[in-house]
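Subject: Structure for you to look at

Hello,

Here is the structure I said I would pass on. Please look through it alongside the notes that follow.

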Amino acid sequence: MKILLISEQREGKWNKTSFETLTAAQKIAQQTSGALSGVVIGKGVASLASELAKYQLEQIFLVEHDLLEHYTPDGFTIALKQLVEAEKPDLILFPHTYQVRDFAPKLAASLGKGMIGDCVDYHHENNQLVFVRQMFQGRTVADVVFEGSGPWIATFQAGAFRADQVAQRQGGDAPVKNFTVNLQADQIRTKPLELFREAKQAVDLTQAARLVSIGRGIKAPENIAIAEKLAKALDAEIAASRPICDEGWLPMERQIGSSGQTVAPKLYLALGISGAIQHVVGMKGSRTIVAINKDQNAPIFEVADYGVVGDLFEIVPALTEELEKSKTG
Amino acid sequence: MKIGVCVKQVPAKDAPLSIATPAHWIRESDIGFETNEPDAFALEEALRLKEKHGGEVVAISMGPERVKQTIKEALAKGADRGIHVVDDKFYELDPLGSARSIAAAIQNEKFDLLLTGLQSDDQGFGQTGVLLAEILGLPHATIIMQIELLDGQRMKLKRELEAGWFQWVELPVPAVLSIQSGINKPRYATLKGIMAAKKREITSVQRASLNVPPALTQKVQKIYVPSRTKKTEFITGSPKEIAAKLVEKLKHEARVL
């Protein structure tokens, strides 16, 4: 089996989930006796290709072009389609990043093929690769297999595999091969403009030892005060899942999850957070997770060390009181 | 401006899910359904564009008879008409098959803009918008936080990237946009809107009549409830008892206080 791992960089900096997917790709290559090649795409990214060549890969394809300096779905799709048609891989793996979501389905469709996206795991059984992805916001998972001939495209969710388990290459660096693409400016319909950050981050939640995080279960902005009291008693920062920040009840910089911050505090207390995957990827590395939720089937309990099924409006004030008591006592 | 917006109907957020036999989908019989929340943001954006620039908003949904309710809700909020792609077993389709079906049903509409939500809360493919663009030969952009029409021909769009970064991009019209959740505050239907919606037309198209290639690129072998990766210790009792036990555990067992 011929496997391509498509790495991701922006302005010469790795998207680190590339190495998580590299770990998965190496394992799949080993189990299927496959040949794994890496791909670096952009402009002026030869140094990244040399860096990738230190890992267990047969070879690196360096796909460079002036029109690939800034990401566009048209540019990246056309370039990678040419590489795929030349190399004829059976399986193409991507990290499931925002950028990959933006063009990998297009690449698949342009090849007349399918993509299994946002996988959290895979199995290799009876000579078949089975990809595992979540459905119904993580309340169920599905085993999914490709049908028909390749190339098949799959993407792995951030955190699904560990970047620190990636295998280094033995016996010198992998050869880096330049792949020349044929790309014209008029094929690219998107005009990418400037990148920017919205606001200076006033709080750095990644540095907080303890976080009290609120979700939809808090119901109304006036109820946030009870979570803030608990945070004060715990000497914690307040954080939230996306819906709370979307509503404007807390500023965006307090948001935990795939579109917000990724945190790993000593203590993460999730109040009324159901635990959609987009949230869980941002906090599952926390050392101790406590979840309080009225729904005993909420997926947040999948990652919790301590769970309380009940009404947070009764439990949180009691918890605050107990903490204050234990401080003075 | 003629705007199509894809709205999906999904199981209600608090619906208790049980897995059907064979385990390819859930049991639909005893649960409620609602409009996929991310699609509500796309619909709202479509309605606002129409209010600002004039034109028409068409709500498109695929699925069994029940999804008409989701189209009706879109009409009650202000969409002008609906297209229902009828298929009782739409859940057996892969992302490409779904997108090809919707594309076939709407290709003669020649929308200036086609909007989708970010992803569905049931299957969660997150691919439909991008696939529709490729199939219809249109440019696209995803995770859109702001839409500015520069003239009739071009748009300036604010895209959300990861970790707090954003990017402006320019795109020609017609195009397909996937809207980020939180871009706006979706409106509620008014009584007047609900009454007006009754007169608005929903065109039904049988998916089977669209001649979409039946071959699948992927297939769900089975769906199941995930096994726990962590052992959760559940703490029970009155709120006061729970608080005391939890503080004790956080102090002496987890040692995080």
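Of the 329 residues in chain A, 54% are buried. Please keep in mind that this is a predicted model. As for how chain A is connected, take the contacts between residues at least 6 apart in sequence: 66% of them join residues at least 24 apart.

On confidence, the model has an ipTM of 0.89 and a pTM of 0.82. The average pLDDT of chain B is 94, and 98% of the residues in that chain score at least 70. Where pLDDT is low, the coordinates should not be read in detail.

Next, the contact between the chains. Chain A puts in 67 residues and chain B puts in 67 residues. Which helix gives the most to the side of chain A that touches chain B? That is helix α9 of chain A (residues 312–328), with eight residues. By class, this side of chain A is made up of 30 nonpolar, 13 polar and 24 charged residues.

I also looked at one helix pair in each chain. Two packed helices are described by the angle and the distance between their axes.

In chain A, the pair is helix α3 (residues 73–87) and helix α4 (residues 98–110), whose axes come within 9 Å and cross at roughly 45 degrees. α3(A) is therefore oblique to α4(A). Their crossing is right-handed. From α3(A), the residues that meet the other helix are A:P73, A:F76, A:T77, A:L80 and A:K81; from α4(A), they are A:D102, A:F103, A:K106, A:L107 and A:S110. This contact has five nonpolar, two polar and three charged residues.

In chain B, the pair is helix α3 (residues 95–106) and helix α4 (residues 128–136). The axes of these two come within 9 Å and cross at roughly 55 degrees, which means that α3(B) is oblique to α4(B). α3(B) passes α4(B) in a right-handed crossing. On the α3(B) side the contact residues are B:P95, B:L96, B:S98, B:A99, B:R100, B:I102 and B:A103, and these meet B:T128, B:L131, B:L132, B:I135 and B:L136 of α4(B). By class, the contact of α3(B) with α4(B) has nine nonpolar residues, two polar and one charged.

Regards

Conventions
Residues numbered from 1 in each chain as written. Chains lettered and ligands numbered in written order. Predicted model: local features only at pLDDT ≥ 70, side-chain atom pairs only at ≥ 80, totals over all residues. Axes fitted to C-alpha atoms, helices over the stretch in contact; angles between N-to-C directions. Helix = DSSP H or I, 4+ residues; strand = E, 2+ residues; numbered from the N terminus. Parallel < 35°, antiparallel > 145°, perpendicular 65-115°, else oblique. Left-handed = near helix turned anticlockwise from the far one by under 90°. Contact = placed C-beta atoms within 7 Å. Nonpolar A, V, L, I, M, F, W, Y, C, P; charged D, E, K, R; others polar. Buried ≥ 20, exposed ≤ 12 C-beta atoms within 10 Å, placed from the backbone. pLDDT = per-residue confidence, 0-100.
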